[in-house]
Amino acid sequence: MHLYPLFRPLAFTLDAERAHRATIAALKWVPPHRAPDLPASLRTRVAGLDFPSPVGLAAGFDKDAEVPEQMLSLGFGFVEVGTVTPRPQAGNPKPRLFRLARDRAVINRMGFNNAGQPAAYQRLLQCRSDAGPIGVNVGANKDSADRIADYVSGVRAMSQVASYLTINISSPNTPGLRGLQDEGALDDLLAAVRDVKSNRPLFLKVAPDLAPGDPERIVKAAVDHGIDAIIVANTTVSRPALTSKLAVEAGGLSGAPLKPLALDALRQFRSASGGEMPLIGVGGIASADDAWERIRAGASLVQLYSAMVYEGPGIAVRIARGLAQHVKRAGFASIGESVGSEKP
Ligand SMILES: Cc1cc2nc3c(=O)[nH]c(=O)nc-3n(C[C@H](O)[C@H](O)[C@H](O)COP(=O)(O)O)c2cc1C
């Protein structure tokens with residue numbers, strides 16, 4: 001959107017959450033239209049789904065599935081809505097979203113604020129069936145007595161309107177949620193969600209804050225339970241060197257400072273899976289070079305969110321076109337051929 005350079009200074013006078021709401025409200029006015037033409041070399045097939053471009057919108061921007069078709073028509077190759085929980089919930093007290101402009105970063109402790117799965121379901125039912133791939137990211141309510149049951153009901157409730165479902169166990173803002181990544185708990189969770197007779201691919205979204213052995217253990221559980229892809233990664237609770245005063249805020253950090261961590265985590269998952277498990281790279285991607293690096297490190301698809309806060313939604317098409325040039329220069333016919341092509 002060429003208007004973003006004009007819109008941004010205005011949005012940045014608002015606090016971050018109001019700016020986000022204003023952005024979603026403005027996007028609702030974008031009439032769904034045909035997505036821009038992208039080079040054919042970007043088309044790719046992952047987990048049985050066809051993607052016009054490997055550059056997707058990460059979860060958390062469109063939590064309630066208000067504008068997925070608009071984001072697809074702006075040139076994202078796929079959109080992940082959510083996280084949605086079975087019941088609506090308010091999330092954490094405000095303020096809970098912070099722009100760290102000097103660091104090109106964001107800190108959030110939203111806490112799965114969302115209008116609940118039934119509301120998202122109704123909106124997704126209205127989407128055109130040929131709009132493009134729309135994934136639904138599901139989570140557990142904060143006060144749930146049985147979190148695994150929340151994921152099961154999410155997969156069951158949303159399958160009919162989702163191209164794929166993401167099991168999000170990596171948000172740092174719901175106390176104890178990341179505990180579902182631990183051995184035992186992860187097996188129980190994945191067995192339970194796989195048991196749902198959903199005909200949609202299931203993706204698992206992991207944290208970038210890993211202990212030694214975590215990637216091997218998580219990949220094994222994912223393979224054992226027939227998970228279709230792993231999304232690496234969510235926000236980090238670590239604090240690499242940051243210059244902004246807001247760096248002290250609690251929550252998950254995303255954007256540029258997450259990039260080296262997310263890339264390293266992706267490489268670990270690639271080596272743990274030996275290329276057998278499709279991976280989706282996310283964290284700090286802001287340019288075609290970043291996306292290309294992630295794809296060569298083993299990502300079949302990439303996603304972004306924070307860079308869009310600073311650069312506007314036109315970033316999806318800019319990255320896609322730059323990626324097509326990388327593919328051509330490297331002598332590959334398609335993006336799929338370049339996945340994992342970096343020398344270890
Ligand atoms: C404000 C905000 C809200 C987010 N909410 C969610 C969420 O609800 N579910 C989820 O899986 N990830 C969520 N994320 C994480 C992003 O999907 C992504 O994994 C992370 O921000 C790293 O990518 P980025 O550096 O391109 O932003 C959120 C991120 C931000 C900045």
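Student: By class, which residues make up the shell around the ligand?

Tutor: This is a predicted model. The shell has 13 polar, nine nonpolar and two charged residues.

Student: How many residues surround the ligand, and which are the closest?

Tutor: The count is 24. Ala59, Thr83, Lys205, Gly284 and Ser306 are the closest.

Student: Which strands each supply at least two residues of that shell?

Tutor: Strand 4 (78-84), strand 6 (105-108) and strand 11 (252-255) each do.

Student: Which polar atoms lie by the oxygen atoms of the ligand?

Tutor: Take the side chains, then the backbone. In Lys63, a side-chain N or O atom is 2.9 Å from a ligand oxygen. For Asn137, a polar side-chain atom lies 3.0 Å from a ligand oxygen. Ala233 uses its backbone: an N or O atom there lies 3.0 Å from an oxygen of the ligand. Taken alone, the ligand exposes 610 Å², and the protein buries 97% of that.

Student: How is a pair of aromatic rings described?

Tutor: By the distance of the centres and the angle of the planes. A search of the whole structure finds four aromatic pairs.

Student: Why is the pair Tyr164 and Phe203 called stacked?

Tutor: Planes under 30 degrees apart count as stacked. The planes of Tyr164 and Phe203 are at 20°, with ring centres 4.3 Å apart, so this pair is stacked. The two residues are 39 residues apart, and the pair links distant parts of the chain. Tyr164 is in strand 8 (residues 164-168), and Phe203 is in strand 9 (residues 202-206).

Student: Are Tyr164 and Phe203 buried or exposed?

Tutor: Both are buried.

Student: Which residues form one aromatic cluster?

Tutor: Phe51, Phe78, Tyr164 and Phe203 do.

Key:
Residues numbered from 1 in each chain as written. Predicted model: local features only at pLDDT ≥ 70, side-chain atom pairs only at ≥ 80, totals over all residues. Heavy atoms only, no water. Near = heavy atom within 4 Å. Polar contact = N/O pair within 3.5 Å; in protein donor to acceptor, adjacent residues only side chain to side chain. Areas by Shrake-Rupley, 256 points an atom, 1.4 Å probe, with all protein chains shown as cover. Helix = DSSP H or I, 4+ residues; strand = E, 2+ residues; numbered from the N terminus. Nonpolar A, V, L, I, M, F, W, Y, C, P; charged D, E, K, R; others polar. Phe/Tyr/Trp six-rings, centres within 6.5 Å; stacked < 30°, edge-to-face > 60°. Buried < 20%, exposed > 50% of the residue type's maximum accessible area, 1.4 Å probe, protein only.
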